[in-house]
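Okay, thanks for coming, everyone.

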Amino acid sequence: MSNDGTLNSQPCGGLDNDHDGCGVIFPRMSQSPRTLLCQLCKKLKKEGLTDDEVAHLKATMKQCFQCGICGTNMSDPCGTCKRKAHEENGTPDPEAIASQARRRNAIEGRLHRPLENNGKPGSVTIYVECRLSHKPGSVDRTLGTYCAPYAETMTFIALQENIVKLVNPKWTSKHVSDLLVSETELRVQGNLVLSDSGVGMMSLRDWYNKYNHPQTQASHIQVPAGALKGNKSGRAISLELFIDTDQYEERTGEDHSGADENAVLTSSFRRDAVTGHPASVSISDKITFQRTICTTDQDGKYTLTEQGATEQGFLAHDTLFLSAADRGKTKDVYLLIIENQEYVAKKLFDVGQGRGQLTIQDACKFLTADLIRLKRLSYFETKFTQRVIQEGVDTAAFQVSDGFIIKTYCDAGQVVDVEAELQRPISEDIIPTHEPTSIYLVEPRRVSSAILKFSGTLGVHNRTDKWSATIMAFSHFVLESSACEYMFADLQGSIDRGILHDTESVLTMFDPMTHTPLGESGLGDHGFEGIHDFVDSHECSAICRSLKLCEMSAIQNTLRMLEEEVTADSDDEE
């Protein structure tokens with residue numbers, strides 16, 4: 001594109017292709033005399049490249065067909081071209097708005113409180129009454145009410161997580177464990193369930209605009225008189241936090257049926273004062289890394305590929321704030337930014353030997369095994385979904401997180417400010433000259449950090465809700481499909497945007513463990529003991545029967561034969 005805004009009409013390589021380009025017309029490519037080739041063609045013509053290196057560049061580089069730039073994670077069109085198109089058309093950029101919301105949510109997660117806007121444009125004041133399932137008619141005396149402004153772009157899922165974090169200090173003054181987000185529900189006045197499809201991904205602004213009308217204002221918007229006090233922004237929404245005490249007691253074993261409901265405890269804990277000032281962006285390391293990806297073929301066989309090109313990103317110094325229930329026992333989790341996209345980077349710190357007793361080589365081995373497990377989870381999820389469609393069965397929707405490994409080559413002490421560095425161009429020709437300093441399993445950052453657990457490494461939950469029944473049927477399906485050669489354990493997930501429809505909220509699975517006959521698939525593989533733990537405890541649900549899954553007796557017979565084979569092989573080796 002020229003300085004006067006005219007789109008480029010010259011093909012890559014020139015009109016007569018004197019410069020041996022690809023011939024593609026990139027409308028937003030610079031029209032300066034020196035820019036006769038797109039960025040990919042320039043890379044391919046670099047002196048000294050071997051045929052294998054050229055083939056690798058063609059296979060791994062993705063290109064923007066608007067301006068011609070390329071990279072291993074490039075989108076088409078790229079972010080700059082999308083932004084320019086919105087500027088030219090005078091339309092808002094939804095991705096930029098969503099990115100702002102994610103950054104704000106990240107800061108609020110670290111602060112454990114909302115960022116206050118003091119009623120300025122761009123905020124919506126939320127008034128929340130806390131009610132317990134066994135006494136829904138009145139506000140709980142201990143938990144009371146909350147009132148604070150939130151960013152208008154915040155989603156209902158993020159709002160619910162934020163409110164639960166605020167409630168938990170008071171909740172634990174009378175209970176032994178924090179509330180989980182899954183044990184709560186946001187409702188409108190009168191204890192009415194939110195009926196909107198995809199409400200979790202709806203922003204506060206969209207909710208307000210949808211229901212701020214005479215017919216629905218009283219039930220979905222209007223705040224009780226005097227409730228706002230000092231938080232008098234122009235827009236406000238009244239909600240109720242419904243707490244399922246039965247679900248909480250089932251998880252924790254608590255039973256307060258004989259407790260004095262009028263007793264009031266005094267807590268020595270006091271929340272931090274709300275200042276109304278946004279927190280500064282966290283300090284991060286600018287890192288150079290190489291990526292390892294894993295793919296599976298139609299038979300579930302995996303292939304690991306270490307990409308030759310180096311990349312750069314920004315890795316936070318501090319771990320992400322997660323509740324005790326959502327923190328893992330073996331991995332620390334950090335925020336990672338690659339080309340303006342947010343990821344979580346998981347670093348292994350303990351495999352039973354204590355923190356800090358793990359070599360890079362061992363970490364690489366265990367995290368690679370975790371990546372293979374994740375990709376095989378995706379492989380079996382695809383086959384399971386095909387079976388569900390084939391049999392026409394009503395199941396809960398779920399998807400599997402993407403993931404890859406990175407090995408970092410970070411120069412010690414190179415501390416950067418993320419906001420400043422994101423404005424600078426990223427170097428393309430960085431070659432690591434030393435051994436990797438760390439290794440991480442990387443996944444896209446999910447909307448919700450609250451974890452829903454369906455099974456442990458050992459231990460099966462035969463709950464009757466739709467999600468649990470679906471995941472347990474999936475476990476049954478995997479055992480049947482693999483003839484007991486492979487079984488998933490420690491199945492867990494959190495709510496995220498759908499891969500196919502990003503306006504929907506979908507359960508996204510990640511970090512599975514596995515049990516295999518030889519017990520060598522990675523950390524937590526308990527071999528036959530782990531497989532038996534599921535087989536001996538699983539109770540088939542209506543979903544198992546509707547999918548026409550095999551009887552558990554067939555699983556047990558197959559498992560018995562496998563044990564005999566493995567034992568015989570062991571005897572032969574001796």
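So, there's a patch of negative charge on the surface, made by E485, E564, E565 and D569. A patch here takes residues with over 30% relative accessible area and no salt bridge, joining like charges within 9 Å, or nonpolar side chains (Val, Leu, Ile, Met, Phe, Trp, Tyr) within 5 Å. Lys and Arg count as positive, Asp and Glu as negative, and His and the chain ends aren't counted. Each charge is placed at NZ of Lys, CZ of Arg, CG of Asp or CD of Glu. Areas are Shrake-Rupley with a 1.4 Å probe, and for residues only the protein chains shown count as cover.

Before I go on: this is a predicted model, so local features need pLDDT of at least 70 and side-chain atom pairs pLDDT 80 or more, while totals for chains, interfaces and linings use all residues. Numbering runs from 1 along each chain as its sequence is written, and side-chain values use heavy atoms, with hydrogens and water left out.

Back to E485: find it in the loop between α11 (466–481) and β17 (487–489). Helices (H or I, at least four residues) and strands (E, at least two) are DSSP runs, numbered from the N terminus. E485 is partly exposed, at 41% relative accessible area; buried means under 20%, exposed over 50%, and partly exposed is in between (1.4 Å probe, protein chains only).

Now look into helix α11 itself, where S475 sits. Buried or exposed, S475? Buried, at 1%. Setting aside neighbours within four places in sequence, S475 contacts F488, L491 and F534, with contact meaning heavy atoms within 4.5 Å.

On to salt bridges, and how many does the structure hold? There are 21, each a side-chain nitrogen of Lys or Arg within 4 Å of a carboxyl oxygen of Asp or Glu.

Take K45 and D20, bridged at 3.0 Å, N to O. K45 is in the loop between α1 (39–44) and α2 (51–60) and D20 in the segment before α1, so the pair ties together parts 25 residues apart in sequence.

E183 and R251 meet at 2.4 Å, N to O. E183 is in the loop between α5 (156–171) and β5 (184–188), and R251 is in helix α8 (residues 245–252), so this pair ties together parts 68 residues apart in sequence. E183 is buried at 2%, whereas R251 is partly exposed at 37%.

Last pair: E185 and R187, at 3.3 Å, N to O. Here E185 is partly exposed at 27% and R187 is buried at 10%.
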